[in-house]
Amino acid sequence: MSIEKMSLVTIRGDRSLLDEVLLRCIGSGNFHPEAAQSFSEYAGGLSVMKEENPYAALSRRLDALAANADIDLNGAQYEGLDLANKDFPEYIDGLDARMKKLLTKKRGSEQLIDSHKSALQRLRHLTSLEVNFDRLFSCKYLKLRFGRLPLDSYMKLKNYTDRPFIFFSYDKDGSYSWCLYICAAADAQEIDGLFQSLYFERIRVPDYAHGTPQEAISFIEGDLAREKKVLEGIQKEIGEIAQGERERIRALHAKLCLLGDAFELRSKAAFVKNDFVVVGYIPRREEKAFSETFRDLENVSLTLKDPLEDPRLKVPVRLKNNWLVRPFEMFVDMYGLPSYQDLDPTPYVAATYILLFGIMFGDLGQGLVLSLLGLFLYKKKKMALGGIMSRIGISSMVFGFLYGSVFGFEELLIPVHQAIFGRPHLIQVMDGAYTNLLLLGAVGLGAVIITASILFNIVLGLRRRDWERVFFSNNGLAGLVFYLAVIWAAAGTLFLGQTVLTPPYIILLLVLPLLLVFAKEPLGKLLRGERDLFHEGVVSFVVENFFELFEVLLSFVTNTMSFLRVGAFVLVHAGMMVVVFTLAEMVGGGASPVVIVLGNLFVMGMEGLIVGIQALRLEFYEIFSRFFDGEGEPFVPVAVDYSAQQDEAA
C-alpha cells in the first residue's frame, strides 16, 4: 500500500533506430514519456521533429474502407501481417479503387431502385385513368399536372370555376384527393400559382413511364426486379472482398495505429546531431524487463536514474494497493493524486470511509443487500464503485448487528444479543437515552479522525523536510497541541468536573501554539535561512495573519462539529424505518409485506446515496484538507488506441 517507485530512463541511439525504439517503448506498456528537450543536460544543440504523421491519412482511408465493407476492427492484432511498411500505400490504393468502383455502382443501383419504388407508389394512384402517357405529354399547347390536394382545399375549388383549367379527381384517401388539372400552356404560370396556394403537391410522372398507367407499372416492376438482382450482385462482390481481405485489413489497421502512435511519440524525442534522445519513466520493478527489450539493438544505450536526483522533476504517480483498499483509489483520483514523495492516503481513506458509512447506515439486512449488489457490479461490470459498495456493505452489517437492526426489525437479534452481551440491546438507537451518547460519540470520533489527519500531515512534512509544515502549521505540531488541549479542556470540564484551564495550561498549550501558527511564515523563513522575514511589511503581515488565525480557529470548530452528522444519520436511518413500519401497519393485511419490502428498497436507495455523499464530503472537506495537496501527475504509459481511428471514420 504505497506509491509505485519509478525510475527515470534515458534512451539514446542512432537516429535511424528511433522508430524501432519507440515501437518497443509502446509495446512494453510501462513507458511514460517526457519531453526530452526539457532536460537541461540536453539543452545544447537540440532539435525536435516537426514532420506530419504519414500514417494518419492511410489509417483514415483504411478505416473508411473497413466501414464500407462492414469489417469490425475491434480487437485487431498486427501479428501475421504479410505486408511490408513500404507496401501499405499501394495496397490501400488498390483496395480503395476496387471498392470505389463497386460503391459507385451500388449507389447508382440504389438510387434507381428508390426512384422505381417512388414511381410505382405514384403510378398506382393513376390506375383508374384510361390514358396514355405518351399521348398526354406530347401535347404542345396544354399542360398537365398530376398530384394530390388536401380534402379541405378540394372543397374550395368551387370558388374558382371561372379560372381556365379542367380539374379531375381519380382517387381519394383519408386526407387527400389524388387528381390532375389541365390548362393552356399560356395560362400555366397563373394556374400553377393558384393550385400552389391551395397546397397542391405535384407528383411528377417519370419520363420512362410509357403507355397506360398499368403498362408503365408492369414495365417498372420488371425493371425494379432486374435492378435488385444487380444490387445483390454488387453486394456479393463487396462481401467477397470483405471476406478475402478481412484479416489483412484488421492486421493492417492495428499496425497503422501502432506506427501512427509511435510517430506521434517522436514529438517527445530530441536530436543531438545524428543521435536521438528519448526520456521517460518506468516502474522500478520493470527495469530489468524494460532493459531486455533493447538488448539486441546495437548503438542504443539505456541509462536508469533515481527520479528524485533532480528536484525540479515532477515524477508521475501510480498508486499501488492491495485488493481490499484498491477500489477507494477512485476517491483519491477524484480529489487529485498525491505527489511522488508523499504517502498514499488510500488505506486511510478506505478505513475512515468504511467506518463512517457503516455507522451512519447500520443495518444487517440492508448492508448484506448492498454488499452483494456491489460485488455483482464489481465482478461483472468491473465498476470501482461496486468494489466500494461491497466493502461498506460489510461495515453496515457490522454496525447493524451492534444496533440490532435487520431490515428495520429491531427484535430479531434480541436472543443473539442476550446470549452474547447479556442484554437485549447493545445500542438501542431510538431510545432517547442513547441520543446524546450517539451525538457526543460522533464528535469524539471526529476529533480522533482530525487528530489522525494532522499526524498524517506531520509525517508528510517530515518526508519533505518541510519544517514550517511540521512545526508551525495549523495542521502541524503547534496546531495539534492546541487542538488536543482544547479537546481535553472541554472533556475535563464537561465530563470530569475538573478545572483544566489553569494559567500555565492556557499559556503553554493554547496561547503559545496559536502564536507559533500566527508567526509560521517568518519562523519558516528563519529555519530556511532567509532574511526577508516580512516581505510586505510588518503591519500587512499582522493584519493578514490575524484573519487567517481566526479562520484556523473557526475551521477547528466547524470541522469537528461536522461529524455531528454521523450521529444524526444514525437517528435518521432508524427514523425512516419507523416510518416504513408505521405505513405497513396502516395498510395492514396482505399489503403490509409489500410496503415493508418497498420501504426497505426506498431507504437503501435514497438514504444509501445520501449517506455515501455525506461520508465523501467528510473525507474531502474535513480530512483531506488537513494533509492532502493533490498535486501529483498520473503515470500514463504510452499505449496504442486501436479504436480511436475507427470511431473517427464511423
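These legends go with a few close-up views of a predicted model.

**View 1. Four strands line up in an open sheet.** Let's begin with the sheet, where the strands sit in the order E6-E7-E5-E8 and the pairing is antiparallel. At the edges you'll find strand E6 (165-172) and strand E8 (201-202), each of which pairs on one side only. What holds strands together in a sheet? Strands of a sheet pair through backbone hydrogen bonds, and that pairing can be parallel or antiparallel.

**View 2. E6 and E7 pair up, with helix H6 lying across them.** How many bridges join E6 to strand E7? There are seven, and the two strands run antiparallel, with E7 covering residues 176-184. Now find helix H6 (residues 188-197), which lies across strand E5 (142-150), E6 and E7. Helix H6 runs at about 160 degrees to E7.

**View 3. Serine 371 sits in helix H11.** This helix spans residues 364-380. Is serine 371 buried or exposed? Its relative accessible area is 11%, which is under the 20% cut-off, so serine 371 counts as buried.

**View 4. The largest nonpolar core has 78 residues.** Nonpolar side chains tend to be buried together in soluble globular proteins. Which residues of this core touch the most other members? They are Tyr353, Leu356, Val566, Phe624 and Phe627. Helix H14 (residues 432-464) gives the core its largest share, 10 residues. Another core, of 51 residues, lies apart from this one, and its members include Leu23, Phe31, Leu103 and Ile234.

**View 5. A closer look at tyrosine 353.**

**View 6. Helix H10 crosses helix H20.** The axes of H10 (residues 346-360) and H20 (residues 564-587) come within 7 Å and cross at roughly 40 degrees. That angle is why H10 is called oblique to H20. Where do they meet? On the H10 side look for Leu356, Ile359 and Met360, and on the H20 side for Arg565, Val566, Phe569, Val570 and His573. Sorted by class, this contact has six nonpolar residues, one polar and one charged.

Definitions and conventions: Residues numbered from 1 in each chain as written. Predicted model: local features only at pLDDT ≥ 70, side-chain atom pairs only at ≥ 80, totals over all residues. Heavy atoms only, no water. Pairing = 2+ DSSP bridges. Contact = heavy atoms within 4.5 Å. Axes fitted to C-alpha atoms, helices over the stretch in contact; angles between N-to-C directions. Buried < 20%, exposed > 50% of the residue type's maximum accessible area, 1.4 Å probe, protein only. Core = buried A, V, L, I, M, F, W, Y, C linked by side-chain atoms within 4.5 Å. Parallel < 35°, antiparallel > 145°, perpendicular 65-115°, else oblique. Nonpolar A, V, L, I, M, F, W, Y, C, P; charged D, E, K, R; others polar. Lists of a residue's contacts leave out its neighbours within four places in sequence.
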